[in-house]
Amino acid sequence: MLILGKIMRTPYFKELADFEATLSTHFAKLRSERTSSPVFLIEHGLDDGALSNLRLLIGRNLRLLGLNRSAWTGNYLPLAVAITEVGYSYRGTGTDFWPKVDETLNVSLGMGERSEVSAIFQWLSDRYGFAKPNETDWSRAYRHIAWPIRNALAPIEIHRALISALGQILVSGVTLRDNNVLHSELVSLSEGLWSKRLRDWVEDAPTAIELCRRLLLGENEPTWLDAGFASRISRDLGTDPLARRSLANARRLVAREKLAIPQQSMRSRYLLSVTDGRVDRLLLRGPALSEDERVAATASLRAQCAVAIAGSRQGVMGLGRYVSGAMIDMGKLPEYPEAPVVRLISEEAQPDALLKARDALEPMLPVAFEWNGRDGILNGIEGRTRLSGESRIILLSWDGSYQDYGLTAMESWPGVNAYVVNASDIAARRLLLDLQIGWAKDPVLSFVGGAIVSRSTERLSWIAGLGVFCKLHANDLSLTIQATSGDIISRNHGDEGEVISIELPVGEYSLIAETAEGRQTTTISVLPPVEADRFGVEFDPPTGQIDDLIADSLSLVFRSPIPLRGVVAQARLFHGEYSLEHPVELEFDAPGRLDARSAVFKQLKETILETCGSDLSGIGLELSVEGLGIYRWSFEQAAKQFNFDPTNRKWSDNEGRVLEGMRQSSGETPLQFASVKEPTTPASGFTLVLPEVEDDNALVCGIVTAPSVLKIGDRGNLGSIDVSRALDDFQGRSGLSSLGVSYLAWRAARPANIFAERQRRSTCRLLEAALVHQLCGSSWTAIEADGGGLAGNAHDALFRICMSRGISSGKRFPELQPDETVTLRKEILDRFIRVAPDVSGLMSLQSFEQLDYAIMEAYEEINKKRAAANSPLFDEPDIFNEDTSWRTAIDQALKEARIPALQPLLLPRSRWVSLSSIDYRSSRMDDVVQALWSSHVDASRTSGNRWLNRRELLTGLQLWVNPRLLASSSGWRSDLSKLLSDRQTSRAIRYAALRLRAEKQTEI
């Protein structure tokens, strides 16, 4: 290196000098543009590439020269900028700042060199007007690093705290119009809630206010801050999900300092519960406001506020929670509820503001509720409501009103009278008019003909080439069809009863119907013609056996060359020539599929079991698809060599010969098959009966019987099964042979009714868990038991996070015994799953009140168990967790769930890569076997002499996916015994089966 005077030249001197010149010009310009406002080194204006090169040069130069002022003369600015960048990204208390500098610049600075930093920053501050550390306790305690952190202007560590504080301030009603009030609130919040770093930062009031205004008002807001750095902070805030959401919320508040909320949307509403055909109780629901409306409602009071409901046992809750649609059980009110029902509590809010808010929240009187004739929660009817002519209404009265109208009485609780009114009843219409309840006329328009594939009040789709007829249901009606470009396609005018033909080419249109009472717009989609042999509906698997439907392994696949959305159809079951129950309405997209676990298939299966019992012959399905035809199938029955006659309780072969004996197993002992003359009834009432013949085909002919009425507590005594890693039973533990036979028999058995089906499923899960343990090992079994294993269990992760972060346990919760903690886990997980089967769906919620209730109900269950055992009860907690706490917990749970839990157990890695990349949803079993074969690593290392072949892989897959097929395959026991000695392949097969069942939505 060259030494000229006091300047020490290294190979990097020239490049550093160029940086020095660029930065000097830039900062001098900033200094000249600002009068009293400071300049910050973080406002250097360098892009990411220049910064990376700068860090590299500074690190190399430091390793040659160390950190000595005289050695760095002429290059102070690049050095200070590099260290300031560390200050911007630094998160910590101050003790680990220098190790972070060493790591970033790849150097090792000594203790004495740190004081040189302060001297360099001081010199630069005197020359360019750079910001000096604030006079605070934190700056005095960390005087050397206070310089780079202060010149970072707004380090990343304070971003989330700052935006959260701003959000709280704006919600309380403070606006950006008064900088002094805004700064005062910032100081107050930072002292009580956040770190000393934020409190230190807000000491510079002008800079704090300027940056806050720039962040909240956006890039168009004039500011003396460097525009590039302000944009950088906005980008960095975007990488933090919580900070990003908080910033977006705060910006919405600023954009509309006062949001006018319609009084109607603020009103609470009564709901009515109908159970077993009788009026059961009243509920009250708070207004379900949008996020903007909630913020505005709470901001209008400019103070924290709580809500109490008169006549309810519900405790006090926050206003924000109440206006998020909180549901409150009012119970069986013996008297007419008198206003005010909603009571607002606040020590700081102005009385006039409280009164105005209370009046807005007060519900209408609980008089009328619209009823569909079924049990459920009914919505209250507001005044000036218009109902369809087919509507039914329940009226409530506490004072004997409505007795003179000849209405139909309905059973209710003591003290209240309930009546049913049909809107079509002319005699009742006067009463409805007195209640300001009207009834709607027929729709303005109706459509018939053509090939209509989807229809709603706002959208209509049909296939091009077939005209659609539009019938008018109003006089003096104007009908306009308009293209998306705005061009008018046609205009028509007519009166009630007229029919207009509509023929349009492929495209999107708006159909505008105008009458003297108003205007209605319908979007029309005209789709390309579909060839008759191109659109289709078929079963998966194609055989479409009734046993597949009963076993939840049958799906409907819809095929179409063009995308169809919202296709309307009706599914109807028939038994011989007779229909079973009413058609089931459904809506689907094509291409697409209706999976086995859908509500439609569940309803169809329950209808079959409740109506037909074990006689499943002659059952079929008819699917009527609007505009696309009618599809009809007769369910095939798997060929069975043995049949059971429930009348004489005897088995016979397919030639009609009666078999004398039979074998029987029960829910308590599913592995044991006893020889009996005729079925007996065990304690649980659940029985599996098989013909007593030495033929594997007998295993798939079983019948599971159950009582038609179930007493409380009736169930099979299902525990765990001890297994041995052997083909035969050993020392009281079940071997693969007996376990496989039992599993096959219970999986293939046909249930006699819905109760038998539930017991069959429970038994199959128990036997399957034992088989998984036997073939795949305890580690694999534990992962599956904890959540399935295809990915980490997000629900379980969410529970662990809630327990560790004080969301569901801690000082504000009751102390539980160890066994109660196990119960708590089960109760909370069950409720989490009911609230959101997919945890990712929780991120779209506006409020997490349902999760709070889930935790509260779980503790209530434990208290009930204590009461039953005469143990001391605890005070049930009134749980309320901040939305930010829930969002953080859910976000973390989802991150944990992205790690496939079974991946480490699928070896080698090439096998995992192959099996995890298959499109299981569209794959056949043969495709999966091919993937297993291509990734298979055989246990035998002898060329041409493989231990496992495709046959064994197929047998293993059939065991989990469709075990009925095993009965027709000789040697399946031998195939499984080979898998018993190759755990890695057994795991690969099990993984593929889990993926098949999960992605095709099938169950055992």
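N870 sits in the loop between α26 (849-868) and α27 (883-897). The model is predicted. In it, phi of N870 is near 60°, a positive value in a residue other than glycine. N870 counts as exposed because its relative accessibility is 73%, and the cut-off for exposed is over 50%.

L153 also deserves a look. Its phi is positive, about 65°, although L153 is not a glycine. L153 belongs to the loop between α7 (146-150) and α8 (159-171). Is L153 buried or exposed? The relative accessible area of L153 is 1%, so L153 is buried. The limit for buried is under 20%.

Now turn to the salt bridges. The count comes to 24. One of them joins the side chains of E85 and R232, at 2.8 Å from N to O. This pair links distant parts of the chain. E85 is in helix α3 (residues 76-89), and R232 is in helix α12 (residues 227-238). The two residues are 147 residues apart. Both E85 and R232 are buried.

R278 and E411 form another salt bridge. Their closest N and O atoms are 3.4 Å apart. What does this pair tie together? R278 lies in strand β4 (residues 278-285), while E411 lies in the loop between β13 (408-410) and β14 (417-422), so the bridge ties together parts that are 133 residues apart in sequence. R278 has a relative accessible area of 22%, so R278 is partly exposed. E411 is at 54% relative accessibility and therefore counts as exposed.

A further salt bridge brings together the side chains of E768 and R747, with 3.8 Å from N to O. E768 lies in helix α22 (residues 754-776) and R747 in helix α21 (residues 736-748), so this pair ties together parts that are 21 residues apart in sequence. E768 is buried because its relative accessible area is 5%. R747 has a relative accessible area of 7%, so R747 is buried too.

Next comes strand β19, residues 468-472. Which of its residues make up the covered face, and which the uncovered one? V468, C470 and L472 form the covered face of β19. F469 and K471 form the uncovered face. β19 pairs with strand β22 (residues 499-502). The sense is antiparallel, and the pairing runs over four bridges. C470 of the covered face stands opposite I500 in β22.

E498 is at 36% relative accessibility, so E498 counts as partly exposed. Which residues accompany E498 in a negative surface patch? D476, D495 and E496 form the patch together with E498. Patch membership calls for over 30% relative accessible area and no salt bridge.

Conventions. Residues numbered from 1 in each chain as written. Predicted model: local features only at pLDDT ≥ 70, side-chain atom pairs only at ≥ 80, totals over all residues. Heavy atoms only, no water. Buried < 20%, exposed > 50% of the residue type's maximum accessible area, 1.4 Å probe, protein only. Pairing = 2+ DSSP bridges. Patch = residues over 30% accessible without salt bridge, like charges linked within 9 Å, V, L, I, M, F, W, Y side chains within 5 Å. Areas by Shrake-Rupley, 256 points an atom, 1.4 Å probe, with all protein chains shown as cover. Salt bridge = Lys/Arg side-chain N within 4 Å of Asp/Glu carboxyl O. Lys, Arg positive; Asp, Glu negative; His and termini not counted. Charge placed at Lys NZ, Arg CZ, Asp CG, Glu CD.
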